[in-house]
Amino acid sequence: MSDDRCELLCIDFDHAERLRATLPQFDEVTRRAERLRALGDPTRLRIAQALHVGDELCVCDLAWIVGSSQGLVSHHLRQLRSADLVTSRRNGKLVMYRLNTEARRLLIAVAAPATEVDPA
């Protein structure tokens with residue numbers, strides 16, 4: 001028997017069912033997991049953090065800020081856009097990127113310094 005399993009089946013049904021009812025539906029959890037996966041890459045996380053602080057930036061600025069090529073940053077921005085974390089708009093010859101509201105909340109949750117995390 002492994003150490004990570006109960007030796008006895010003892011479900012507190014009422015408590016467990018109340019908690020189960022509060023969980024989001026599977027498709028919502030899947031969307032959240034995709035967004036978290038998108039931020040799981042160090043370059044994409046740096047891009048998201050730059051957008052969080054800089055509000056709206058073009059690919060040229062983002063490439064300079066994160067220290068990567070424009071091509072690589074564009075690739076990562078496409079992935080962030082596919083995960084519905086960033087929006088873009090054309091401004092003349094520039095394409096400007098911005099985090100959406102949900103992405104800002106998610107970034108705060110996953111990228112908060114350890115001193116800001118409540119251990120409780």
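Is the crossing of H3 and H4 right-handed or left-handed? I looked this up first. The crossing of H3 and H4 is right-handed. I note that the model is predicted.

**Entry: H3 and H4**

I took helix H3 as residues 42-54. Its axis and that of H4 come within 10 Å. They cross at roughly 115°. I then listed who makes the contact. H3 brings Arg46, Ile47, Ala50 and Leu51. H4 brings Leu62, Ile65 and Val66. I sorted these residues by type and got six nonpolar, no polar and one charged.

**Entry: H4 and H5**

I moved on to H4 (residues 59-66) and H5 (residues 70-82). Their axes come within 9 Å and cross at roughly 105°. Angles of 65 to 115 degrees count as roughly perpendicular, so I call H4 and H5 roughly perpendicular to each other. On the H4 side I found Val59, Cys60, Leu62, Ala63 and Val66. On the H5 side I found Gln70, Val73, Ser74 and Leu77. This contact divides into seven nonpolar, two polar and no charged residues.

**Entry: the core**

Which residues touch the most other members of the largest nonpolar core? I found Ile47, Leu51, Leu62, Val73, Leu77, Leu80 and Leu85. The core has 22 residues. H3, H4, H5, strand S3 (94-99) and helix H6 (101-111) each give two or more residues to this core.

**Entry: Leu85**

I picked Leu85 and left aside its neighbours within four places in sequence. Leu85 is then in contact with Arg35, Ala38, Leu39 and Leu80, among others. I also noted Arg98, Leu99, Asn100, Ala103 and Leu106 as contacts of Leu85.

Terms used
Residues are numbered from 1 along each chain as its sequence is written. This is a predicted model: local features need pLDDT of at least 70, side-chain atom pairs count only at pLDDT 80 or more; totals for chains, interfaces and linings use all residues. Side-chain values use heavy atoms; hydrogens and water are left out. Axes are lines fitted to C-alpha atoms, for helices over the stretch in contact, and angles run from 0 to 180 degrees between N-to-C directions. Helices (H or I, at least four residues) and strands (E, at least two) are DSSP runs, numbered from the N terminus. Angles under 35 degrees count as roughly parallel, over 145 as roughly antiparallel, 65 to 115 as roughly perpendicular and the rest as oblique. Contact means heavy atoms within 4.5 Å. Ala, Val, Leu, Ile, Met, Phe, Trp, Tyr, Cys and Pro count as nonpolar, Asp, Glu, Lys and Arg as charged, and the others, Gly among them, as polar. A crossing is left-handed if the near helix is turned anticlockwise from the far one by less than a right angle, and right-handed if clockwise. A nonpolar core is a set of buried Ala, Val, Leu, Ile, Met, Phe, Trp, Tyr and Cys residues joined through side-chain atoms within 4.5 Å. Buried means under 20% relative accessible area, exposed over 50%, partly exposed in between (1.4 Å probe, protein chains only).
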